[in-house]
Amino acid sequence: MTSAEVTRRRVMGLGLGVLAGVSAGCSGDSGPVRRLRLATGPEGGPYNAFGQALARAVAASGRRIEIVPVSTSASVDNLRKLDDGSVELALAMADVAEDAVLGREPFPRATAATALARVYVNYTHLLVPADGPVRSVRDLAGRPVAAGAAGSGVQVVAERVLRAAGLSGASPSPSPSATAAPADERQLGLAASVSALREGSVDALFWSGGVPTPALADLARELPLRFLPLDAHVGALRERHGPVYTAVTLPAGVYGLTEPVGTIGVGNYLLARADVPQGAARDLLQVVFERWRDLLREVTAGARLEPRFAISTGEVPLHPGAAAHYRAVYG
């Protein structure tokens with residue numbers, strides 16, 4: 001049992017005394033509205049869309065909290081802002097969040113982040129022109145690749161996939177069998193990545209997001225694409241980085257695919273500083289669970305948010321207010 005699981009069980013078992021304390025901070029209070037800044041992602045991206053939808057849902061709920069979305073570079077940037085106190089809430093991919101709480105690179109020390117919920121799963125997309133020469137990750141040797149914006153979770157998973165294939169120049173100890181030149185990783189956000197692939201200035205594009213991602217669906221309608229399978233790399237990623245990575249499938253029909261494509265899944269967490277009041281955390285989660293269909297519609301199709309899924313936050317401990325919410329509502 002991991003330390004986070006021990007913490008989660010301990011917090012979930014605190015009992016009625018904690019619940020009574022949390023109830024005193026719920027939306028029935030007549031105190032001032034609590035303003036919570038939420039680090040999202042770049043404008044036009046899925047995290048930003050989720051944050052804007054959450055802000056609207058909270059405003060319509062009548063609860064005494066206000067969500068203020070903050071545009072960022074996404075996951076890595078968000079954890080840094082959470083750590084320095086410039087935001088109270090953040091969205092981040094699970095792999096980056098675990099690196100932060102464990103003090104692993106690129107974070108110089110452990111970040112005191114807590115989880116409110118695992119809200120949905122990102123699917124790793126690696127796409128290339130269908131009429132091009134690239135048919136596997138190894139074919140990216142020496143080729144320019146759009147590998148996510150600086151400070152994003154996309155950049156983290158792209159670098160790890162390339163490292164697993166022996167193609168990352170950032171790897172301090174590449175695979176002994178790796179003889180190919182590293183891929184030429186370009187730090188580009190989604191919009192710039194799509195433009196670069198369309199124009200031919202990169203040979204491949206990494207993306208991690210919901211299915212379908214609108215920008216990629218639009219690109220697939222104008223340019224024949226091949227989506228490369230990545231599920232063969234899940235084992236290596238899990239061995240090196242833990243169970244935050246899972247095997248998932250891009251279904252046939254999406255992006256015009258004629259058959260499913262296996263790839264890498266990684267969860268997305270809604271995070272909070274530990275000093276966010278328990279009542280505010282509980283109020284926020286009530287809105288998330290009441291309006292999850294609207295929120296997830298902004299980022300991924302066909303997903304559901306269930307408590308057993310939401311509390312699966314690995315090494316990232318649940319915020320005490322989140323644990324109290326799940327225990328009070330779901331037992």
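Q: In S3, which residue is the bridge partner of Ala-39?
A: In this predicted model, S1 (residues 34-39) is the strand that holds Ala-39. Two bridges join S1 to strand S3 (residues 89-93), and the two strands run parallel. The bridge partner of Ala-39 in S3 is Ala-90.

Q: Which residue is the bridge partner of Ala-39 in S2?
A: S1 also pairs with strand S2 (residues 65-70), in the parallel sense and over six bridges. In S2, Ala-39 has as its bridge partner Val-70.

Q: Which helix joins S1 and S2 in a β-α-β unit, and what is the hand of the unit?
A: The strands S1 and S2 are parallel to each other. Together with them, the unit contains helix H3 (residues 46-61), and its hand is right-handed.

Q: Are H5 and H6 roughly parallel or roughly perpendicular to each other?
A: Helix H5 (residues 94-102) packs on helix H6 (residues 153-164) with the axes 9 Å apart and at an angle of about 95°. Angles of 65 to 115 degrees count as roughly perpendicular. H5 and H6 are therefore roughly perpendicular.

Q: How many residues of the contact of H5 with H6 are charged?
A: H5 contributes Asp-95, Val-96 and Asp-99, while H6 contributes Gly-153, Val-156, Val-157 and Arg-160. Three of these residues are nonpolar and one is polar, and the charged ones number three.

Q: How many residues apart in sequence are the parts that the pair Arg-198 and Glu-222 ties together?
A: The structure has 15 salt bridges. In one of them, the side chains of Arg-198 and Glu-222 meet at 2.8 Å, N to O. Arg-198 lies in helix H7 (residues 190-199) and Glu-222 in helix H8 (residues 214-222), so the parts tied together are apart in sequence by 24 residues.

Terms used: Residues are numbered from 1 along each chain as its sequence is written. This is a predicted model: local features need pLDDT of at least 70, side-chain atom pairs count only at pLDDT 80 or more; totals for chains, interfaces and linings use all residues. Side-chain values use heavy atoms; hydrogens and water are left out. Axes are lines fitted to C-alpha atoms, for helices over the stretch in contact, and angles run from 0 to 180 degrees between N-to-C directions. Helices (H or I, at least four residues) and strands (E, at least two) are DSSP runs, numbered from the N terminus. Angles under 35 degrees count as roughly parallel, over 145 as roughly antiparallel, 65 to 115 as roughly perpendicular and the rest as oblique. Contact means heavy atoms within 4.5 Å. Ala, Val, Leu, Ile, Met, Phe, Trp, Tyr, Cys and Pro count as nonpolar, Asp, Glu, Lys and Arg as charged, and the others, Gly among them, as polar. Two strands pair if DSSP finds at least two bridges between them. A crossover is right-handed if, with the strands pointing away from the viewer, the path from the first strand over the helix to the second runs clockwise. A salt bridge is a side-chain nitrogen of Lys or Arg within 4 Å of a carboxyl oxygen of Asp or Glu.
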